[in-house]
Each structure stands twice: as C-alpha cells, then as structure tokens.
Amino acid sequence: MFRPMRRKAKEISPEAARQLLAKERRGVLAVNGDDGYPYALPVNYRYCEEENKIYFHGAPVGHKAEALKKDDKVCFTVYGNERIPEEEAWAPYMQSVVIFGRCRQLEDREETLRLVRILAEKYYPNDALIDEEIDSSGKAVQMFELTIEHMTGKQIQEK
C-alpha cells in the first residue's frame, strides 16, 4: 500500500526516526484541502511512541479541521538533526521522517485537556505557565490525534 523507500542507502533505522520525532519541536501536516489542493501547515506536536500516535492542537473550525472532517488521510513530516562535518562544512547532513496516517479531532473534553497539558510540557518552561495558558484558552482548544500507519526516515547530505 505504501511505497518503499527508493534510495535504501539513505534510510535511517526506525529507532533513529522515532528519536527524531521525539526530539524535534515542529512538523508539517499535509491534508487534502479545498478543490483537490493539498494544504500543508507547520504544527507543534507531541509524539507518543507507546501509542504510535502524534498529537497536536488547533481550533475546532478552519481549513485544517474542515479538511480532516472530509478526509482523515494525512502526511506528516519532521526534519532536523542537522550536522556539519568539518571536512565538508558546505554540505550539511540532515534527517527527516515522513509519516502517513489517519487523523481525527478528539471529542472527549477530559482527554483533550489531559493531552493539552502533555503537549504543553514539551514547550512551556514550568507548570505555572501551563496552568495559565490552559485557564485562558483551554476551553477553546481542540486536540487532534494522528494514528501512524507508515513511517520512513532518511538522512541526506546537501551536496
């Protein structure tokens, strides 16, 4: 169903792909948008390896939410771990992970608020700021759950 990686020599291990997902702070979510056009947008996210899921937040209405109601198939991409070897400072290495899966808005309010807190722990420096943010905008926030169906990772050198 999903295409295998064409250039196998550039593939990174599943463990390296999971580490990249756990470490990085932003990814790009692509949905099937209006009139057959793809719609891709950067999102803050939290990867949950145990559940094989990615969580991110957003408004309950808008382009992303409406696209997901029509079609739950998505692609999610994260990249990072750039390193620059001394001998080739002009040609950095970088890793990326591409995920295909199904995404849905969570309906349960308690579960949403629990996941908002878990997501916020990745980005906010302390519990006081997390509590303040949840108190001010927690009622309006919506959580989305991406169930991973296929994942590949690779490393490239930009030369």
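**Close-up views of a predicted model**

View 1. Beyond the residues within four places of it in sequence, Pro 38 makes contact with Val 31 and Gly 33. Pro 38 belongs to strand β2, which spans residues 38-44. With a relative accessible area of 66%, Pro 38 counts as exposed, because this value lies over the 50% cut-off. Between Pro 38 and Ala 67 the C-alpha to C-alpha distance is 9.7 Å, at a sequence separation of 29 residues.

**View 2. The largest nonpolar core.** This core comprises 37 residues. Those with the most contacts inside it are Leu 21, Leu 29, Tyr 45, Ile 54, Phe 76, Ile 99 and Leu 146. Helix α3, residues 109-123, contributes the most to this core, namely five residues. In soluble globular proteins, nonpolar side chains tend to be buried together.

**View 3. The largest pocket.** Its volume is about 310 Å³. The lining consists of 16 residues, and Pro 4, Met 5, Arg 6, Thr 152 and Lys 154 are the closest to the pocket centre. Two or more lining residues come from each of β6 (93-105) and β7 (142-157). Strand β7 supplies the largest share, five residues. By class, the lining holds seven nonpolar, four polar and five charged residues.

**View 4. The second largest pocket.** Eight of the lining residues are nonpolar, four are polar and one is charged.

Methods: Residues are numbered from 1 along each chain as its sequence is written. This is a predicted model: local features need pLDDT of at least 70, side-chain atom pairs count only at pLDDT 80 or more; totals for chains, interfaces and linings use all residues. Side-chain values use heavy atoms; hydrogens and water are left out. Helices (H or I, at least four residues) and strands (E, at least two) are DSSP runs, numbered from the N terminus. Buried means under 20% relative accessible area, exposed over 50%, partly exposed in between (1.4 Å probe, protein chains only). Contact means heavy atoms within 4.5 Å. A nonpolar core is a set of buried Ala, Val, Leu, Ile, Met, Phe, Trp, Tyr and Cys residues joined through side-chain atoms within 4.5 Å. On a 1 Å grid over the protein atoms alone, a cavity is a set of points where a 1.4 Å probe fits but cannot get out, and a pocket is an open set with protein on both sides within 12 Å along at least five of seven lines; lining residues have an atom within 4 Å of a point. Grid points are joined across faces, edges and corners, and a volume is the space filled by probe spheres set on the points. Ala, Val, Leu, Ile, Met, Phe, Trp, Tyr, Cys and Pro count as nonpolar, Asp, Glu, Lys and Arg as charged, and the others, Gly among them, as polar.
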